[in-house]
Amino acid sequence: WNADTSGIEPCRSEGKVMILATLHDTFPQPSGRRTLWISCSSIEEAHELKNKVLLNNPDDLPISCEYMDRDCFDVVDGAGRLLCHAISKLGIGERLSKMWALKLWVEKIPLPFFDTLPDRLMYAVNNVLPEVLPPSIQTLGKEYDHHLLVTLGEYGNGNMKRTEDRLNAFMESHPEVVACPCEDASDVGKVTFFRFAAAPAFKTWCVGNGTQGVSIDYALAKNDASCPSYDYLKGDHVPLKRMRYSHFGCNVVHEDLAFADGVDVHHCKMEIKKKIEGGGGMLPAEHGHGTEYHAPRETQERWRQVDPTNTMNPGVGGVGYNYGYKNPRVK
């Protein structure tokens with residue numbers, strides 16, 4: 001966004017000065033939108049579609065492009081129906097927030113099994129509820145292993161039609177690719193809620209199946225169309241479930257991995273981090289280092305310059321918790 005303060009006078013209140021600014025969107029609103037569910041036979045084919053159709057030129061970029069693999073589809077369909085229907089009925093606002101706050105309150109009750117009770121109930125009733133997605137898209141979800149949720153926008157120069165023409169030509173030469181348009185706002189909401197229920201649905205799935213869950217996010221190189229192999233995780237350390245979903249346009253990937261009880265999941269996570277970064281990627285990517293990961297030394301040095309007293313984010317990225325970065329946890 002851009003802040004425009006021209007002609008705005010400071011507003012003084014209780015000895016403080018507040019600047020009132022008008023905010024503008026960086027990009028204009030589209031005059032039309034179209035949302036498509038596109039299913040592909042392989043991850044390589046999905047990347048090829050992205051590069052040749054969606055990122056073909058800077059004038060025709062889509063509004064969004066999200067990716068889900070088959071495990072992601074199965075987990076949301078198998079453990080996230082209640083959440084998706086709740087979002088559809090309540091909307092993303094105060095009513096949903098109150099319902100979620102109630103779930104968290106129940107999980108904090110200091111009685112046996114209450115910490116997982118809401119997710120156990122959600123998993124138990126899941127298959128009693130109707131499927132979330134429109135029937136045609138539900139069928140594609142079960143038949144294909146790779147899915148793109150794409151939203152196109154028209155900005156007045158015919159860009160949406162050009163993208164659709166490229167997509168039709170791509171599908172003619174790739175008969176395994178299928179695109180299913182969302183015909184109305186209700187269908188758009190259903191597929192959108194389905195995609196963004198992935199993370200909470202994974203927790204419900206893990207509780208329902210008695211497994212440990214680990215969530216990671218990493219960035220791959222722009223032209224890296226691979227799915228990193230975890231063949232170095234042996235025996236009990238092999239994930240029981242590995243669901244991948246990503247912001248496909250920028251190659252930022254989220255993975256939720258389920259492990260058997262007793263597995264040292266932190267060790268597995270650090271091994272995955274080494275492998276991803278050894279191949280030119282970066283883990284973490286979107287959600288920051290937190291207090292678990294060590295940030296690169298140059299990043300730590302930049303934080304020291306911005307916050308020399310270590311007041312704003314003590315402990316983040318391995319810098320230590322002490323005032324002035326005394327005794328830092330640098331690796």
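**Notebook: pockets, a helix pair and backbone exceptions**

I began with open space and found about 340 Å³ in the largest pocket. I worked on a predicted model, in which local features need pLDDT of at least 70, side-chain atom pairs count only at pLDDT 80 or more, and totals for chains, interfaces and linings use all residues. Residues are numbered from 1 along each chain as its sequence is written, and side-chain values use heavy atoms, with hydrogens and water left out.

**Entry 1. Pockets**

I noted the terms on a 1 Å grid over the protein atoms alone: a pocket is an open set of points with protein on both sides within 12 Å along at least five of seven lines, a cavity is a set of points where a 1.4 Å probe fits but cannot get out, and lining residues have an atom within 4 Å of a point. Grid points are joined across faces, edges and corners, and a volume is the space filled by probe spheres set on the points.

Which residues lie nearest the centre of the largest pocket? I listed Phe-27, Leu-61, Pro-62, Ile-63 and Tyr-155, out of 14 lining residues. By class, I recorded this lining as eight nonpolar, two polar and four charged. For the classes, Ala, Val, Leu, Ile, Met, Phe, Trp, Tyr, Cys and Pro count as nonpolar, Asp, Glu, Lys and Arg as charged, and the others, Gly among them, as polar.

I then turned to the second largest pocket, which holds about 280 Å³. I found Arg-33, Arg-34, Glu-66, Glu-183 and Phe-196 among the residues of its lining. The elements giving two or more residues to this lining are β5 (32-40), β6 (64-69), β7 (146-154) and α8 (185-196). Helices (H or I, at least four residues) and strands (E, at least two) are DSSP runs, numbered from the N terminus. I counted four nonpolar, four polar and four charged residues in the lining of the second largest pocket.

**Entry 2. Enclosed space**

How many cavities of 30 Å³ or more does the structure hold? I found one. For the largest cavity I noted a volume of about 50 Å³. I read its lining as Ile-43, His-47, Tyr-67, Leu-220, Ser-226, Arg-244, Ser-246, Phe-248, Asn-251 and Val-253. At least two lining residues come from each of α1 (43-54) and β10 (241-247). I recorded five nonpolar, four polar and one charged residue in the lining of the largest cavity.

**Entry 3. Asp-119 and its helix**

I looked up Asp-119 and placed it in helix α5 (residues 117-125). Is Asp-119 buried or exposed? I took Asp-119 as buried because its relative accessibility is 1%; buried means under 20% relative accessible area, exposed over 50%, and partly exposed in between (1.4 Å probe, protein chains only). Neighbours within four places in sequence aside, I found Asp-119 in contact (heavy atoms within 4.5 Å) with Lys-103, Glu-107, Lys-203, Thr-204 and Val-207.

I next examined the packing of α5 on helix α9 (residues 198-209), where the angle is about 90° and the axes are 8 Å apart. Axes are lines fitted to C-alpha atoms, for helices over the stretch in contact, and angles run from 0 to 180 degrees between N-to-C directions. I therefore described α5 and α9 as roughly perpendicular; angles of 65 to 115 degrees count so, under 35 as roughly parallel, over 145 as roughly antiparallel and the rest as oblique. On the α5 side I listed Asp-119, Arg-120, Met-122 and Tyr-123, which meet Lys-203, Thr-204, Trp-205, Val-207, Gly-208 and Asn-209 in α9. By class, this contact has four nonpolar, three polar and three charged residues.

**Entry 4. Backbone exceptions**

Most residues other than glycine have a negative phi, and most peptide bonds are trans. I noted a cis peptide bond from Leu-283 to Pro-284, with omega near 0°. I placed Pro-284 in the loop between α10 (265-278) and α11 (297-306).

I found a positive phi of about 75° at Phe-113, which is not a glycine. Phe-113 lies in the loop between α4 (94-107) and α5 and is exposed, at 62% relative accessible area. I also recorded a positive phi near 65° at Tyr-325. Tyr-325 belongs to the segment after α11 and is buried, with a relative accessible area of 9%.

**Entry 5. Whole protein**

I recorded eleven helices and eleven strands. Along its principal axes the C-alpha trace spans about 65 × 60 × 45 Å. Of the 331 residues, I noted 42% as buried.
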